[in-house]
Amino acid sequence: MKPFIYDFTLEELQAWAVEQGEPAFRGSQIFEWIYVKRVNSFEEMTNLSKALRQKLDDQFQFVTLKEITKFESKDGTVKFLFGLHDDHAIETVIMKHNYGNSICVTTQVGCRIGCTFCASTLGGLKRDLTAGEIVAQVVKAQQILDERGERVSSIVIMGTGEPFENYDNTMKFLRLMIHEKGLNIGQRHITVSTSGIVPSIYKFADEGTQINLAISIHAPNDALRSKLMPVNRRYPFDDVMEALRYYQAKTGRRISFEYALIGGVNDQVEHAEELASVLKDMLCHVNLIPVNHVPERKYVRTSRNDIFKFQRALADQGINVTIRREQGHDIAAACGQLRAKHMESNAR
Ligand code: SF4
């Protein structure tokens, strides 16, 4: 199979051009066609010679994301289920905010982390996406937004998969997204969310980027976290917190903690108080996410009243906390639900 053109950095494309006996700036022209003019074929790169376009076509391919389904929510959220070249399906979401459009991308087909409240985990991990397959989701979203003169203003890596288990491809994707000659997305407008893969948190801290880090914490202690997230047995709660303290000391960046509220499991005031005592010395923000019902699990939604009580208990301890504005609730927008439905109907 030919490699994906989106898998290559500017420098790699320049080196490729030189290998073909062309000046390095041809690589820059290719990069511009891909990310600034956003074409979908080599044929359209009209300032390159026909021979060079042919060489590109012989050696590379574009990532094709075939739209299997698309759901549009009343709130402007659009959720796509895209088919890849090998018939796997992935989800990408465009969310409309008053400050712009944010894109939620997927980094793996399926996931092996096994969070008990998540539909993405149900079929296990099928494979990692390449950097280019992650890039393609943003380029596709930008092409859709181009039609109405808007741009991707932020990216969240919170779709299916654990980005820190696909670390190198995720980092390559990030470097492509922030490249000033490409889509040029501001580093502070990108958030990577991890379930707490400790060695990768240390690596990420040392990368020297300004990209935001979010942690799916979901519990205030080791025992409860292990019940909700099996990954906690591999990387225990205290080790995750220690890695985060290292990250914060190294980068000075505020950390976001994602906390899925599950009715009667982790959503009581005592949980909030325990969490507050763990986080009290950290520069952080807690994002509360009332879970959607996953039919395969027996979890129920936290009542509105309990959500506000939980929020107040954290705020009273001086913790910066918000409740995630639910987007696309009417279109099964929670992570992995669309793909899970698709897998189910294919299996019938
Ligand atoms: S929440 Fe994220 S890390 Fe956990 S199983 Fe779902 S996709 Fe994987």
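This is a predicted model: local features need pLDDT of at least 70, side-chain atom pairs count only at pLDDT 80 or more; totals for chains, interfaces and linings use all residues.
Visitor: Which residues of helix H1 are buried?
Guide: Helix H1 covers residues 10-19, and its buried residues are Leu-10, Leu-13, Gln-14, Trp-16 and Ala-17. Looking down the axis of H1, you'd find those buried residues within an arc of 160°, so they line one face of the helix.

Visitor: What do the buried residues of H1 pack against?
Guide: They pack against H2.

Visitor: And which exposed residues sit on the face turned away from the buried side of H1?
Guide: That face carries Glu-11 and Glu-19, both exposed.

Visitor: OK, what follows H1?
Guide: Gly-21 does, and its phi is positive, near 85°.

Visitor: What about Asp-87, is it buried or exposed?
Guide: Asp-87 is exposed, with 8 other C-beta atoms within 10 Å. You'll find Asp-87 in the loop between strand S2 (78-83) and strand S3 (89-97). Asp-87 also has a positive phi, about 75°, although it is not a glycine.

Visitor: Switching to helix pairs: at what angle do H4 and H5 pack?
Guide: Helix H4 (residues 131-146) and H5 pack at about 40°, and their axes are 8 Å apart. That makes H4 oblique to H5. The crossing of the two is right-handed.

Visitor: Which residues make the contact there?
Guide: On H4 they're Ala-131, Ile-134, Val-135 and Val-138, and on H5 they're Asn-169, Lys-172, Phe-173, Leu-176 and Met-177. By class, the contact of H4 with H5 has 7 nonpolar, 1 polar and 1 charged residues.

Visitor: How do H10 and H11 pack?
Guide: Helix H10 (residues 269-279) and helix H11 (residues 304-316) have axes 8 Å apart, at an angle of about 30°. H10 and H11 are therefore roughly parallel to each other, as angles under 35 degrees count that way. Their crossing is right-handed.

Visitor: And which residues make that contact?
Guide: H10 brings Val-269, Ala-272, Glu-273, Leu-275 and Ala-276, while H11 brings Lys-309, Phe-310, Ala-313 and Leu-314. The residues of this contact of H10 with H11 divide into 7 nonpolar, no polar and 2 charged.

Visitor: Last topic, helix H6. Which of its residues are buried?
Guide: Within H6 (residues 198-205), the buried ones are Val-198, Ser-200, Ile-201, Phe-204 and Ala-205. Seen down the axis of H6, they fall within an arc of 160°, so they line one face of the helix.

Visitor: What covers the buried residues of H6?
Guide: The cover includes helix H5 (167-178), strand S8 (190-194), strand S9 (212-216) and helix H9 (237-251).

Note on methods: Residues are numbered from 1 along each chain as its sequence is written. A residue is buried if 20 or more other C-beta atoms lie within 10 Å of its own, exposed if 12 or fewer, and partly exposed in between; C-beta atoms are placed from the backbone. Helices (H or I, at least four residues) and strands (E, at least two) are DSSP runs, numbered from the N terminus. The arc is that of the directions from the helix axis to the C-beta atoms. Two residues are in contact if their C-beta atoms, placed from the backbone, lie within 7 Å. Axes are lines fitted to C-alpha atoms, for helices over the stretch in contact, and angles run from 0 to 180 degrees between N-to-C directions. Angles under 35 degrees count as roughly parallel, over 145 as roughly antiparallel, 65 to 115 as roughly perpendicular and the rest as oblique. A crossing is left-handed if the near helix is turned anticlockwise from the far one by less than a right angle, and right-handed if clockwise. Ala, Val, Leu, Ile, Met, Phe, Trp, Tyr, Cys and Pro count as nonpolar, Asp, Glu, Lys and Arg as charged, and the others, Gly among them, as polar.
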